[in-house]
Amino acid sequence: MPEHQIEHEDLELCKSLQAEECEVLESIYPDCLSGDYSKGSLRLEIPVELSEPHSLVSAEDQNLASLSMLPPLLLDILLPPNYPLHDPPQILSLYATYSWLPPSVNLMQRLLDMWQAGEGVLYSWIEWIRGGIFLEELKFVSTRGSEPILRIPHPELDLLTNKLVGYDTSTQLMRFSQNSYNCEICLSSIKGARCILLSCSHVFCRSCLEDFWKLCITEGDVGRVGCPDPKCVKEGREANEEEVRRVVTEEEVQRWKWLRQKKAMEKDPTIVHCPLLLCQTPVPMGENVEEGSGWERFRECSNCGYSFCAYCKRTWHGAHSQCPLEFTDFLAQRYLDLAEDSSARKEMETRYGRSNLMRMVVHYQEDQENIKWIKQSTTACPVCEIRVEKSSGCNHCFKCGHHFCYRCGAKLRANDPYAHYRNPGTQCYSKLFDRVDVDDEWQPMEAFDVLE
């Protein structure tokens, strides 16, 4: 057979093989293939889909983001007439969206080396890029322990990270909205656009999740506002604010946040409400506060900025200044009234600090002993009410000078203060001077007379 006839048959065969290969690719990857393949001109737009989420790390080995997809590579290709029997495809250009692939990487040559005479190579190119296999050959992916990581040598990696995260998020949302999912509540197949994908990867239709969460918020059962999947329910997984806002109204979101604050306050005894009537925001104790330093009483409201003492609820008076006496006495008495091993006493110790409470108790007991002694050993002046302890001398107040009976506290007439003791029938009759035991008086020492 003449040579020109053989060449003509080869060209016809190549043209047929090219058309068949492009039709197969178009049926498998309709979003990847574009151009007029009848003229041998093609463009491949190939997104990179990682087998599992990879942590993008910096040169310092710090985690920057978690990625499941990378922006597509764009290949402009020209199919020669003798492809695939004798010549490989010509790659006119190769471009990575957002320029995430370093220009120093010679990916074109690696692609051309994959071609073998007589076989189509476009499918292999797409799978090699789409599955992220080329990243392994370029040593861009590795493992850190059991965690898959991705390293991209890029001069502006921080700026690139934002673009990669944005692409990854938008692509996953678009794919989610286009697919259908089975709702585990109503057991119906629903389009993704009408479903909610929770952060735990469980999917529910919006209407079922909305009815369930609204009921929980209305009844105050805020702990059940989360994933209804049995596994997540067992783990106690609750929804975050972004998920709740996507499902319920703003009014219900505010109630949900209030219920969560209330629940947190019940768990944390150090939380106190801001004492300002127009605020009342729950305020927790600061972090890394040493017990007994005085700063465990300090609170600063995150809403209004008011600084106050968590014990007496007054304006912050400093770590070394004590609260008003009536408040510390109240706490000490309340603490002493509780049983030693009771849960209420332990709750007070957690809230106020055991060392603080013990210090208050010591001061309170000392004050009580002083008050008891004062009542037993002194008498109040009936005019100025100062307490007077009499050891000797006349019956008059040392402060105001008023005469009064030290025995019964009665006022005495200034012109005749002793008439009170001459009145028969009273408890002070003939008791102007108390009887003093001889043992209390001074006694001469033995042989004292010898010294005279």
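This is a predicted model: local features need pLDDT of at least 70, side-chain atom pairs count only at pLDDT 80 or more; totals for chains, interfaces and linings use all residues.
The largest pocket holds about 500 Å³ of space. Its lining has 21 residues, and Thr-169, Gln-172, Leu-173, Phe-176 and Leu-197 are the closest to the centre. Of the elements, α5 gives the most, with seven residues. By residue class, the lining of the largest pocket divides into eight nonpolar, eight polar and five charged residues.

The second largest pocket contains about 390 Å³ of space. It is lined by 16 residues, and those nearest its centre are Asp-31, Pro-47, Glu-49, Met-174 and Arg-175. Here β2 (41-57), β3 (63-78) and α5 each supply at least two residues of the lining. The largest share again belongs to α5, which provides five residues to the lining of the second largest pocket. The composition of this lining is nine nonpolar, two polar and five charged residues.

Thr-379 is part of strand β15, which covers residues 379-380. Is Thr-379 buried or exposed? Its relative accessibility is 17%, so Thr-379 counts as buried, the cut-off being under 20%. Leaving aside residues up to four places away in sequence, Thr-379 touches Ile-386, Arg-387, Val-388, Phe-404, Tyr-406 and Gly-409. Pro-80 lies 299 residues from Thr-379 along the chain, and the C-alpha atoms of the two are separated by 120 Å.

How values were computed:
Residues are numbered from 1 along each chain as its sequence is written. Side-chain values use heavy atoms; hydrogens and water are left out. Helices (H or I, at least four residues) and strands (E, at least two) are DSSP runs, numbered from the N terminus. Buried means under 20% relative accessible area, exposed over 50%, partly exposed in between (1.4 Å probe, protein chains only). Contact means heavy atoms within 4.5 Å. On a 1 Å grid over the protein atoms alone, a cavity is a set of points where a 1.4 Å probe fits but cannot get out, and a pocket is an open set with protein on both sides within 12 Å along at least five of seven lines; lining residues have an atom within 4 Å of a point. Grid points are joined across faces, edges and corners, and a volume is the space filled by probe spheres set on the points. Ala, Val, Leu, Ile, Met, Phe, Trp, Tyr, Cys and Pro count as nonpolar, Asp, Glu, Lys and Arg as charged, and the others, Gly among them, as polar.
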